Amino acid sequence: MEAMTLNEYGNWTQGMWVSFPSEAQGNDDKSLFIATFGLAGETGELAGLIHELKSQRIWTPAEFCKELGDVTFYTCFLLRTFGKQPLDIITPRLGRVSPAYGADPYEALARLTKNMGFVVEKVKKYLRDGTDVPIDKVTPCLREAWAAIEDIAHYVGLSIEEVIMENVRKIEDRKLRGVRRGSGDNR
Ligand SMILES: [Mg+2]
C-alpha cells in the first residue's frame with residue numbers, strides 16, 4: 001500500500017467512517033457527534049493501554065499501533081468535519097523521533113486528554129445550547145492532541161506513518177470483509 005499524505009488520509013477517513021450510510025449522508029451534525037464521541041472513546045482505549053504499559057503488562061507495538069490509529073482516524077475525521085484539511089492544522093513529525101516532552105507516556109496522555117476534552121466540551125455545548133463550535137479554538141487543540149499522539153507513538157518506537165498505514169490497512173480490510181460495524185479487532 002502506498003503511503004498517504006495527511007490530507008489524503010483525512011479524505012479517506014471521510015469515506016470510511018460511515019456505519020449508517022443511508023441515515024448519515026448529508027447529516028453534518030451526525031458526523032460531528034460521531035467523530036467527537038469516537039475521539040473521546042478511542043482516547044479512553046489508548047489510556048487503558050498506557051495504563052497497562054505502566055503496570056508492566058507485556059504489550060506489543062502492534063497493539064499501540066492499532067489504538068493510536070483509531071485516535072488519528074477520529075482526529076483527522078473531526079478536522080474534516082470542521083472543514084479543515086489536516087495539513088492546514090498539523091505539521092507531522094515524520095520518522096521515528098524522540099518524544100518532545102521526555103519519555104513519559106502519561107504526560108503525553110494528559111496533553112491528549114486535556115485537548116480532546118476541550119473539544120468535547122465545545123461540541124457538548126453545541127448539542128445542549130446550540131452555540132457554535134468555535135473552530136478557531138478547537139483546531140489548535142487538535143494540533144496539540146496530534147503532537148501528544150506522536151509522542152506516544154514515538155515512545156513505543158512507532159512512526160506516525162506506520163500508525164496511519166496500519167489504520168488504513170485495518171479499516172480497508174474490514175470494508176472488504178463487510179464488517180465495519182461492531183466493535184473489537186477480531187471481526
Ligand atoms: Mg480502539
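**Whole chain**

Start with everything shown as a cartoon, and keep in mind that this is a predicted model. The protein chain has eight helices and zero strands. Reading from the N terminus, the order of elements is α-α-α-α-α-α-α-α. The chain has 187 residues, and buried ones make up 32% of them. Among contacts with a separation of 6 or more, 79% are between residues 24 or more positions apart.

**The core**

Select L68, L142 and I149. These residues have the most contacts inside the largest nonpolar core, which has 40 residues. Now colour helix 1 (6–16), helix 3 (28–54), helix 4 (61–81), helix 6 (105–129), helix 7 (135–155) and helix 8 (160–177); each of them supplies at least two residues of this core. Which helix gives the largest share of the core? Helix 4 does, with ten residues.

Apart from neighbours within four places in sequence, I149 is in contact with L68, V71, T72 and L112.

**Helix 1**

Select helix 1 and show its side chains. L6, Y9, G10, W12 and T13 are buried here. Look down the axis of helix 1: the buried residues fall within an arc of 165°, so they line one face of the helix. What covers the buried residues of helix 1? The cover includes helix 4, helix 5 (86–89) and helix 8.

Next, pick Y9, one of the residues in helix 1. Y9 counts as buried because 23 other C-beta atoms lie within 10 Å, and the cut-off for buried is 20 or more. Leaving out residues within four places in sequence, the contacts of Y9 are M4, C76, P86 and I164. Draw a distance from Y9 to I164: the two are 155 residues apart in sequence, yet their C-alpha atoms are 7.8 Å apart in space.

For a contrast, move along to G15, which is also placed in helix 1. Is G15 buried or exposed? G15 is exposed, because it has 9 other C-beta atoms within 10 Å, and a residue with 12 or fewer counts as exposed.

**Helix 4 against helix 8**

Hide the rest and keep helix 4 and helix 8. In general, two packed helices are described by the angle between their axes and the distance between the axes. For helix 4 and helix 8 the angle is about 85° and the axes are 8 Å apart. Helix 4 and helix 8 are therefore roughly perpendicular to each other, since angles of 65 to 115 degrees count as such.

Select the residues where they meet: C65, K66, L68, G69, T72 and F73 in helix 4, and E162, V163, I164, E166, N167 and K170 in helix 8. Sorted by class, this contact has five nonpolar, three polar and four charged residues.

**N115 in helix 6**

Bring back the whole chain and select N115, which sits in helix 6. N115 is buried, with 22 other C-beta atoms within 10 Å. Setting aside residues up to four places away in sequence, N115 touches C141, E144 and A145. A distance drawn from N115 to P140, C-alpha to C-alpha, reads 8.7 Å, and the two are 25 residues apart in sequence.

**T60 in a loop**

The last stop is T60, in the loop between helix 3 and helix 4. T60 counts as exposed because it has 9 C-beta neighbours inside 10 Å.

Key. Residues numbered from 1 in each chain as written. Predicted model: local features only at pLDDT ≥ 70, side-chain atom pairs only at ≥ 80, totals over all residues. Core = buried A, V, L, I, M, F, W, Y, C linked by C-beta atoms within 7 Å. Helix = DSSP H or I, 4+ residues; strand = E, 2+ residues; numbered from the N terminus. Contact = placed C-beta atoms within 7 Å. Arc of directions from axis to C-beta. Axes fitted to C-alpha atoms, helices over the stretch in contact; angles between N-to-C directions. Parallel < 35°, antiparallel > 145°, perpendicular 65-115°, else oblique. Nonpolar A, V, L, I, M, F, W, Y, C, P; charged D, E, K, R; others polar.
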